[in-house]
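Here are some quick notes on the fold and its charged pairs. Have the model open while you go through them.

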Amino acid sequence: RRGVEACGVCAACTRIGKFGAPAADDKDEHKKVIWSEHRDVGMVRAYNRTILVGAARDLERETNYRPVEGATRVFLVEDADKLSTESSNALLKTLEEVPPTSHLILITSRPASLLPTIRSRCQAVRFAPLAFDEVERYLVGERKRSPTQARLAARLSQGRLGLALELNVDEYRDRREVMLGILDALAGSDNIDRARLLRAAEDMSDQKRKDEYEPRLDVLTMLVRDLWLLKLDDSAAQVINQDLRERLAKLAMRVESRRVAGWLAAIEEVRGQLAVNINRRIATDALFLSMASEEIGNG
């Protein structure tokens, strides 16, 4: 290391960032601390939108062990806003008496979602997103991404380098093409093909592709956001899908801004219902048909 900064090149530094992440559907492994190749660095990660109480209890147990090779142990709680009531209470026990040789880092973009008792025991450190061009330069220079892919990944990640590194741009483009078809069917008030929308809803909510549902909903949200920005200002620099700017601008010309605003509200309403056991097929049918309605922007 150099002073208080990690050097990023020694054996310890390179091992810290290499985690053996369990399979997404392996519930038992998500009940444990996930270790990096450095045995003093562990992580707790959500399973199906929730951090399991077993993981919080395993974290409590591991914090009491002495470091293996370093001076301290470090534990990351990824997406800490996904702590359930039970796992929050289990974590609270750990936070009340953290051993001096262990450090806990809770990572979240929604700190208000944490229990007040947890927030009161943590020191808040806020990080601003990086500028798009900084992320883009890193992806091109250090990770050898093509300029086109790097530009899109930088914007999709909203300046979050870790997310930009994980993004599969080709997968995103495939999802985006499907969602563009939906917007194309919706744009305009005459002769909306509702049968096409219902077929799209059936495809999107197919149980065989249930892991695709939320990523597709995210893509739809970004596309509608871009449409709204272009409706407000056709030179908006904040448009995420810059590579489709001309195509989106043509779509924007076919729809009123009040309808686009209504679409965003309707999508967010469905997103809020995902925390409970909704029937995704019915919810998606209702979403697309409401987006097709002329009344959606009149409230």
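1. First, a word on burial: a residue is buried under 20% relative accessible area, exposed over 50%, and partly exposed in between (1.4 Å probe, protein chains only). On that scale, 39% of the 299 residues in the protein are buried.

2. Some ground rules. You're looking at a predicted model, where local features need pLDDT of at least 70 and side-chain atom pairs count only at pLDDT 80 or more, while totals for chains, interfaces and linings use all residues. Numbering runs from 1 along each chain as its sequence is written, and side-chain values use heavy atoms, with hydrogens and water left out.

3. Overall layout: the protein has 13 helices and 4 strands, taken as DSSP runs (H or I, at least four residues, for helices; E, at least two, for strands) and numbered from the N terminus. Its C-alpha atoms fill a box of roughly 70 × 45 × 35 Å along the principal axes. Of the contacts (heavy atoms within 4.5 Å) with a separation of 6 or more, 62% are between residues 24 or more positions apart.

4. Now the charges. With Lys and Arg counted as positive, Asp and Glu as negative, and His and the chain ends not counted, the protein has 48 positive and 47 negative charges, and their mean positions are 2 Å apart. Each charge is placed at NZ of Lys, CZ of Arg, CG of Asp or CD of Glu.

5. How many salt bridges turn up in the whole structure? The search finds 32, using a side-chain nitrogen of Lys or Arg within 4 Å of a carboxyl oxygen of Asp or Glu as the test.

6. Take a look at E214 and R49, whose side chains meet in a salt bridge at 2.6 Å, N to O. This pair links distant parts of the chain, 165 residues apart: E214 sits in helix α10 (residues 213–232), and R49 in the loop between β2 (41–44) and α2 (53–63). E214 is partly exposed at 23%, and so is R49 at 39%.

7. D81 and R110 also form a salt bridge, with the closest N and O atoms 3.5 Å apart. Here two loops are joined across 29 residues: D81 lies between β3 (73–77) and α3 (85–96), R110 between β4 (102–106) and α4 (116–119). D81 is buried at 16% relative accessibility, whereas R110 is partly exposed at 48%.

8. Finally, D203 bridges to R209, the closest N and O atoms being 2.3 Å apart. Both D203 and R209 belong to a salt-bridge network with E171, R175, D206, E212 and R216. D203 is partly exposed at 30%, as is R209 at 31%.
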